[in-house]
Amino acid sequence: MAKPVIWTVDDDADVLRAVERDLRRQYGDRYKIISADSGESALDGVKQLKLRSESVALFLVDQRMPRMSGVEFLEKAIEFYPEAKRALLAAYADTDAAIRAINAVHIDHYLMKPWDPPEERLYGVVDDLLDDWQAFHRPVFEGVRVIGHRWSPRSSEIRDFLGRNFVPHQWLNVETDEAAKQLLATTGADVSALPIVVFSDGHFLGNPPIAEVARKLGLRTKSEFPFYDLVVVGAGPAGLAAAVYGAADGLHTLLVEREAPGGQAGLSSRIENYLGFPVGLSGFDLARRAVAQARRFGVEILSPQEVKSVRLEGSTRLLTLADGAEVGCRALLIATGIAFRKLDVPGVEKLIGAGVYYYAPMSDAFSYRDGEVHIVGGANSAGQAALYFSKFARRVTMLVRGNSLSDSMSQYLENQIAATKNIAVRFHSSVVAVEGTGHCEAITIKNNQTGAQETVPASALLIYAGAVPRTDWLARVVERDAQGYLLSGPHLLREGRRPAGWPADRDPLYLETSVPGIFVAGDVRHRSAKGVTSGVGEGAMAVKLVHEYLGLL
Ligand SMILES: Cc1cc2nc3c(=O)[nH]c(=O)nc-3n(C[C@H](O)[C@H](O)[C@H](O)COP(=O)(O)OP(=O)(O)OC[C@H]3O[C@@H](n4cnc5c(N)ncnc54)[C@H](O)[C@@H]3O)c2cc1C
C-alpha cells in the first residue's frame with residue numbers, strides 16, 4: 001500500500017528545501033513527502049494523486065505566495081481531500097490572515113516562521129495532526145475503479161470482464177455514490193463518457209472497448225513465441241486442465257481464451273460435485289486456482305484473445321487469432337465448450353446487462369437486494385442461480401417450461417430449492433416479453449397449457465436456456481455432428497471405416513478429431529458427459545493422447 005502523503009507548498013526555494021528536509025528526516029519512513037513551489041502546480045499534483053487513489057494526510061502550506069495564497073490553495077485542495085489535515089506556514093505579518101483562515105478553510109493549525117529548531121516548534125504540531133488523521137483515516141481502495149450507471153450494459157460488461165479476469169476493482173455508482181461523483185469531477189470528463197475506468201497509475205479511459213482495458217491492464221494478448229508443442233483453445237475446466245498437465249509434462253504450452261479463464265464453470269456460484277471439495281467451491285475460485293497452477297508450470301495464457309481459424313501445413317497446425325496474428329503448434333486441443341442459447345423475445349436484446357442476463361455474473365446478485373428476480377430455465381445452472389440470488393432478492397421465481405424439475409435438475413438442488421422459502425417455481429411457463437426504460441422493470445409470462453398471459457414486476461430476468469457448441473470456425477477443418485459438436489475417436493468410425501481423408505495408418509485416438517494432431521475435450525465434444533469433472537478428466541486424458549500422437553510422428 002502506498003504511504004500517505006504530506007504535501008508542503010512554498011514559493012521560497014530555500015524555505016521549501018528546509019521544510020522538506022525536516023519533514024523527511026522525521027516522517028520519511030511512514031509518509032511520502034511531496035513539495036511544490038506554487039499552489040497551481042501543487043493542485044495539479046493533488047488531482048493526479050486522487051486519480052491514483054493515494055491518501056493525503058497533511059497539507060503544510062505557506063500563506064504568502066504570489067499567484068495563489070495558501071488559503072486559496074487549501075480551499076481547492078480540500079475538495080479532493082476533505083479529511084486531510086491543514087496547516088499554514090505564516091510570517092508574523094500574516095497572523096491575522098491565518099486566524100481568519102481557521103474559519104474559512106478550517107485550518108487545523110498555523111506555524112510561525114522560522115520553525116527552528118524543528119524538534120521544538122514543528123514536530124510536536126505535525127505529530128498531533130498526523131495522529132488525529134490516522135485515528136479517523138480508512139485506507140482507500142488502490143486498484144482499478146469503474147465509475148458508471150448501475151443499469152448501464154457497458155458498465156456491467158466491464159465489471160464482469162474485470163471480475164472474471166481476477167482484476168481487483170471497485171465499482172462506483174455515479175447515481176448514489178459521492179466518491180463516484182468526486183472522482184468523475186477529478187477526471188474532468190463528462191457523464192457522457194461513462195463508464196470510466198480509472199487505473200491504479202491514475203490514467204483513465206472513457207467507455208473503453210474491452211481490448212483496450214485488457215491492454216492497459218497488461219493482460220497478455222500476444223504470444224511470446226511463434227510455435228508451441230501444444231496450443232489449447234478455451235480456458236474452461238477442460239482447457240485449463242490440459243494446459244496444466246501438458247506444461248507439467250514438459251510440453252511448451254499456449255492457452256488461448258476469448259473471454260476469461262474459467263469458462264462456463266467460472267459463472268457457477270457453487271460447484272458441489274467436484275471431487276475433494278465437500279462443501280463445494282465457486283467456479284471463480286476453481287478458475288483462480290487453476291490459472292495460478294497453470295502459470296506456475298509455465299503455461300502462457302492469452303486472454304482475452306480469440307482463435308478465428310485453423311489451417312494445416314504438413315504436421316504443423318496454424319491458428320489465426322482475432323488480431324490477425326498467427327501461431328503454430330505440433331498438437332492442438334479444442335476445448336471451446338458451449339455458448340448460451342439466446343432467448344428470442346421482444347425487449348430482451350436492448351436490456352442485456354441492464355437487469356437481463358444470460359448466465360448472470362454472481363457479482364451482480366447484491367444489486368438485486370430486495371428485488372423480484374425471475375429465472376428462465378430448470379437445469380442445474382438455473383437452480384444454482386436461484387439459490388444464490390435468493391440470499392439477496394425478496395423473491396426468486398423460476399420459470400420452467402415442463403411440469404417438474406426432476407427431469408433436468410440434480411436431486412440435491414431440487415431439495416434445496418424446495419426448502420428455500422423465497423423461491424417459487426412456476427411450471428408450464430415461458431417469458432414472452434420484457435419491458436423497461438433503461439433497465440428491466442416487468443416481464444410477461446405465458447402459461448403454455450392455458451395460453452393465459454400475465455405481466456408482473458421484475459427487477460431482473462436471468463436466462464439459463466441451454467447452450468450450443470461454438471464450432472463454426474472449424475466447419476471445414478474437422479468433422480462435426482448435426483448440432484456442431486466435434487466428433488472424435490470411435491465416433492468417427494463408420495462400420496469400422498476411418499473418416500474421409502484420414503491420412504494415417506491407424507485409427508484416430510480416443511479424443512482425436514478427423515484431423516491427426518487436433519484433439520477435443522470437454523462440453524464441445526460429441527457425446528461428452530458434460531460438467532466440470534468430466535471436462536477436467538478429458539483435459540488430462542487429452543494430454544496423454546497428445547504425447548502418444550507426438551511419439552507417432
Ligand atoms: C452457471 C453454471 C453453473 C454450473 N454448475 C456446474 C456444477 O455445479 N457442476 C458441474 O459439473 N458443471 C456445472 N456447470 C457446467 C460446467 O460449467 C461445464 O460443463 C464446464 O464448464 C465445461 O467445461 P469446458 O472446459 O468444456 O467448456 P467451458 O467451460 O464452456 O469453457 C470453454 C471456454 O472456451 C472459450 N472459447 C470458446 N471459443 C473460443 C475461441 N474461438 N477462442 C478462444 N476461446 C474460446 C470460452 O470463452 C470459454 O471460456 C455449470 C455451468 C453454468 C453455466
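Predicted model: local features only at pLDDT ≥ 70, side-chain atom pairs only at ≥ 80, totals over all residues.

**First stop: a helix on a sheet**

Select helix H3, residues 70–80, and you will find that this helix lies across E1, E3 and E4, running at about 160° to E3. Now widen the selection to the sheet itself, an open one of five strands in the order E2-E1-E3-E4-E5, with parallel pairing. Strand E2 (32–36) and strand E5 (109–112) stand at the edges, and because each has a single partner strand, one side of each is left without a neighbour in the sheet. If you look along the sheet, the twist from one strand to the next averages 20°.

Next, select helix H1, residues 13–27, which packs on this sheet and touches strand E1 (5–9), E2, E3 and E4, while its direction makes about 175° with that of E2. To see one pairing in detail, show strand E3 (residues 56–62) together with strand E4 (residues 85–90), which pair in the parallel sense over five bridges. Within this pair, pick Leu60, whose bridge partner in E4 is Ala87.

**Second stop: another sheet**

Move on to the open sheet of four strands, whose order is E7-E6-E8-E9 and whose pairing is mixed. Strand E7 (169–173) and strand E9 (204–206) stand at its edges, each with a single partner strand, so one side of each is left without a neighbour in the sheet. In this sheet the twist averages 15° from one strand to the next. Select strand E6 (residues 144–148) and E7, which run parallel and are joined by five bridges; Ile147 has Leu172 as its bridge partner in E7.

Most residues other than glycine have a negative phi, and most peptide bonds are trans. With that in mind, select Ser53, which is not a glycine and yet has a positive phi of about 70°; Ser53 sits in the loop between helix H2 (39–51) and E3. Then go to Lys113 and Pro114, where the peptide bond is cis, with omega near -10°, and where Pro114 belongs to the loop between E5 and helix H5 (118–121). A cis peptide bond also joins Leu194 and Pro195, with omega about 0°, and Pro195 is found in the loop between helix H8 (178–187) and strand E8 (196–198).

**Last stop: the ligand**

Which residues are closest to the ligand? Select the ligand and its surroundings: 34 residues surround it, and the closest are Glu257, Gln264, Gln384, Asp523 and Val532. The residues of this shell divide into 15 nonpolar, 13 polar and six charged.

At Ala265, a polar backbone atom is 3.2 Å from an oxygen atom of the ligand. If you switch to a surface view, bear in mind that the protein covers 95% of the 1,000 Å² of accessible area that the ligand has on its own. To finish, colour helix H10 (237–248) and helix H12 (380–389), the elements that give two or more residues to the shell around the ligand.

Terms used:
Residues numbered from 1 in each chain as written. Heavy atoms only, no water. Near = heavy atom within 4 Å. Polar contact = N/O pair within 3.5 Å; in protein donor to acceptor, adjacent residues only side chain to side chain. Areas by Shrake-Rupley, 256 points an atom, 1.4 Å probe, with all protein chains shown as cover. Nonpolar A, V, L, I, M, F, W, Y, C, P; charged D, E, K, R; others polar. Pairing = 2+ DSSP bridges. Axes fitted to C-alpha atoms, helices over the stretch in contact; angles between N-to-C directions. Contact = heavy atoms within 4.5 Å.
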